[in-house]
Amino acid sequence: MSERPIRYGMVGGGRDAFIGAVHRMAARLDDAMHLLAGALSSTPEKAKASGEDLGLDPARCYGSWQDMLKAESALPADERIECVVIVTPNHVHHAPAKAALEAGFHVVCDKPLTCTPEDAQDLVDTARATGKVFGVTYNYTGYPMIRHAAHMVRSGAIGSVRKVFVEYLQGWLATPLEESGQKQADWRTDPTRAGAGGAMGDIGSHAENLVSTVTGLKIESFCSDVSTFVPGRSIDDDTSVLLRFAGGARGVLSASQVCVGHRNGLTLRVYGETGAVHWNQERPDQLMVHTLDGPDTVLHRADADLADAATAVTRLPGGHPEAFIEAFANIYRGVAAAIGAGEDDPARFGYPGVADGARGVRFINQVIAAGGDGWTTFEDA
Ligand SMILES: NC(=O)c1ccc[n+]([C@@H]2O[C@H](COP(=O)([O-])OP(=O)(O)OC[C@H]3O[C@@H](n4cnc5c(N)ncnc54)[C@H](O)[C@@H]3O)[C@@H](O)[C@H]2O)c1
């Protein structure tokens, strides 16, 4: 942890927004970061009113992120915000992130990092040139049992990895919800605001990151099947990808938002030569471990012999569930510690970095561009 809370300002996350409030809870949970300023909405009036709803100093409730960066830069160094948190729709990530870095602020940005690989690489280059800390909120990597799974897989506890299945299934876009004007559906189904990927960008990006975080495997090639089931929708709502990893492992990634009955069905299964680990986001305190001859084991967060990386991000004793907010807060702990140390080192401090975000954007865009070529007709008898 940083020795003192880091001062931050938020872009997006105003009235009626979804994830901004989660970021605020997560940043505050361990007093890792304190919100002092905001440009919280796309219209100046709503942006200012949203800041006042949160009890921010009215002088620091800005009408635009440009105004926030300018005014905060002019404040004394020990008063101004140190970090900018970006929780806007995807097409409003690159510009404020780049401007924030160039104005000397650290950045936390939600996923997918940007809409295009070029913009993503630009942020990698800008972060490197400015030396600022850059965290990307692939929040599922903050779960203690994911950190333990990563420790097991990477230390060889299940042998060399052969097969990975990662599924991220939701059902909330099974109908043309966007036609009702529902805010979150509206921009997520518009490629000019979401980027190339619909389901692939929104949740497939988490799936790619989870596999990468837990296994460390590098994707060498892939074969994608990109579909849109809901008539009139101009972006994928169901995408599957076959993966080939360096070293020979194989993978299957599915991201769908038309799977009726699934709320936030993120599961990861990793099979090695001698064992396997299974994790399910809706029961995040547990990790199933299988071995060749059994017995099967269910590990629980706060068990005595978990990896240090898992224990370090556990707050409560076993049986007192920790979940989404706590995992999110673990990313904030890492970012705050990096800012405190003045060093952008995601591996050391435990947060997904700008390079992870850029790889995610390359993956989304290449999967969508490939679009499902290469099918062979089945010749039945
Ligand atoms: N990590 C996760 O689990 C997770 C979950 C949900 C969303 N997200 C990501 O978070 C981002 C926001 O998603 P959401 O569902 O909260 O969207 P949302 O539509 O609910 O909220 C977006 C907010 O951004 C504001 N905004 C838009 N343009 C702006 C501008 N120019 N200046 C200031 N504010 C502006 C809107 O007014 C709104 O307050 C997206 O990138 C999304 O992919 C991540």
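## Strand β4 and its neighbours

V85 has V108 as its bridge partner in β4. Here strands are DSSP runs of E with at least two residues, and helices are DSSP runs of H or I with at least four, numbered from the N terminus. The chain passes from β3 through helix α4 (residues 94–102) to β4, a right-handed β-α-β crossover. Right-handed means that, with the strands pointing away from the viewer, the path from the first strand over the helix to the second runs clockwise. β3 (residues 83–86) and β4 run parallel and are joined by four bridges; two strands pair if DSSP finds at least two bridges between them.

The model is predicted: local features need pLDDT of at least 70 and side-chain atom pairs count only at pLDDT 80 or more, while totals for chains, interfaces and linings use all residues. Residues are numbered from 1 along each chain as its sequence is written.

On its other pairing, β4 meets strand β5 (residues 134–136) in the parallel sense over three bridges. V108 has G135 as its bridge partner in β5. β4, helix α5 (residues 117–130) and β5 form a right-handed β-α-β unit. Both faces of β4 (residues 106–109) are covered, with H106 and V108 buried on one side and V107 and C109 buried on the other. Buried means that 20 or more other C-beta atoms, placed from the backbone, lie within 10 Å of the residue's own.

## Two helices side by side

The axes of α4 and α5 come within 9 Å and cross at roughly 10 degrees. Therefore α4 is roughly parallel to α5, a term for angles under 35 degrees. Axes are lines fitted to C-alpha atoms, for helices over the stretch in contact, and angles run from 0 to 180 degrees between N-to-C directions.

H94, A97, K98, L101 and E102 of α4 make the contact with D119, D122, L123, T126, A127 and T130 of α5. Contact means C-beta atoms, placed from the backbone, within 7 Å.

## The eight-stranded sheet

Eight strands form an open sheet with mixed pairing, in the order β7-β8-β9-β6-β10-β11-β12-β13. Its edge strands, β7 (219–227) and β13 (297–300), each pair on one side only. Neighbouring strands are turned by 15 degrees against each other on average, direction ignored.

Within this sheet, β8 (residues 238–245) and β9 (residues 250–256) run antiparallel and are joined by seven bridges. R244 stands opposite R250 in β9. Helix α13 (residues 354–370) lies across β7 and β8, at about 55 degrees to β7.

Technical notes: Buried ≥ 20, exposed ≤ 12 C-beta atoms within 10 Å, placed from the backbone. Parallel < 35°, antiparallel > 145°, perpendicular 65-115°, else oblique. Contact = placed C-beta atoms within 7 Å.
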